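Hi,

Here is the structure I said I'd pass on.

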Amino acid sequence: MGVYRFEGGDTVKNLFVSGHRACAGCGMAIAVKLILEAAGEDVIVVSPTGCLEIVSSPYPETSWRVPWIHSLFENAASVASGIEAGLKALGRKHEAKVLAIAGDGATADIGMGPLSGMFERGHDITYICYDNEAYMNTGVQRSSMTPPGASATTSPAGKVSFGEIHPKKDLASIAVAHGVGYVATASVGYGLDLMRKVRRAIDHDGPSFIHLHTSCCTGWRHPSSKTIEISRLAVLTGLWPLYEVVDGEITDVKRLPKRLPVEDYLKTQGRFSHLFRMEGGEEIIRRIQAIADANAERFGLDLEG
Amino acid sequence: MKLRIGAIADPGTSIVNRTGGWRSEKPLIDHSLCIRCFNCILYCPDSAVKYSEKEGIYFDYDFCKGCGICANECSGRAIYMVMEEK
């Protein structure tokens, strides 16, 4: 595997240029920059509706220096499939790889059907879902990726509610169940790991899927300087395990020498702050800790024991 | 505004949008503490941290939105934020 190192100056490809309208400290903007850094120039990118499309392409400007197309909210996977099939038909498959970069709403809720179709047909596409755990672009409405206990505008915490109730969809397992050859989870907090996984996914023949956890300082309500630190805490507490699944086998799990309690992650963000104030909050935190413990058990996250 | 066929835009044109005006704090660097880990370049959302052999790490204040990630991720604690007055 290639080792990525930023040397600055001319070695940075800078394919996602400055001047985009993402909030200060946006995790997604960092992720997209790193994805393109790893992918290189010979890619065609498809993005559905979402923050990424809004901040990067106010006509007549664009922040992209690679071919990029905006699809509808639901059909990034279908548009990417069409591009890949078109390249194949024209005998130009070797010229570019197709990449779809979509948010959690466009992947896990609205575009789930087209994504399933793309997996089934076996197109040679790398699909990356950047998961900031709600519909941030329209004002922090909950999605099926919003974690339990988080307050969103459509699952607000209050006197009778502790926020989101349902667990996150296990997107990686959904992809694995389709027989996708390369599936990985990544975090924007581990930039070099993310770039390595993107390179692997692109080099893999057939569909590949990366589920990428990115913090959103606006929706998660934390200072803009903490984006990377908090994304990293999700990994260190066991709430966001990093692993790869190659041909159905779990490989390359990021193990933790000392797993942190989930409070360390929850207390950094405004969307969980009610858990530390409201009655019964400890019980919800205990349930969230149980999710982390189950992850640790399933993936063998703990180094000792 | 006249739309081109397919609403095509020329690559990298958002560079005309100088986002530096969004900033309330700006990053500064103490070069003697910089260990050249390049975390600041890696994690800058706006590609506003640059490096050259001669100048070391420097900031493109035309685009820096002042988020403070570079200072937070700095391994050598060389980067710090100061309130900016305009």
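Buried area here is the accessible area (1.4 Å probe) that two parts lose on being put together, summed over both. For chain A and chain B that comes to about 2900 Å², with carbon and sulfur atoms giving 55% of it. Bear in mind that this is a predicted model: local features need pLDDT of at least 70, side-chain atom pairs count only at pLDDT 80 or more, and totals for chains, interfaces and linings use all residues. Residues are numbered from 1 along each chain as its sequence is written, chains are lettered from A and ligands numbered from 1 in the order written, and side-chain values use heavy atoms, leaving out hydrogens and water.

Counting contact as heavy atoms within 4.5 Å, chain A puts in 42 residues and chain B 35 residues. There is one salt bridge between the two chains (a side-chain nitrogen of Lys or Arg within 4 Å of a carboxyl oxygen of Asp or Glu). That one pairs A:Arg232 with B:Glu73, at 3.1 Å from N to O.

Now the inside. A nonpolar core means buried (under 20% relative accessible area, 1.4 Å probe, protein chains only) Ala, Val, Leu, Ile, Met, Phe, Trp, Tyr and Cys residues joined through side-chain atoms within 4.5 Å. The largest has 59 residues, and A:Leu115, A:Tyr127, A:Phe209, A:Tyr265, A:Leu266 and A:Leu275 touch the most other members. Leaving aside residues up to four places away in sequence, A:Leu266 touches A:Phe272, A:Leu275, A:Phe276, A:Ile285 and A:Ile288. Another core, of 41 residues, lies apart from it and includes A:Trp68 and A:Val198.

Cheers

Methods
Buried < 20%, exposed > 50% of the residue type's maximum accessible area, 1.4 Å probe, protein only.
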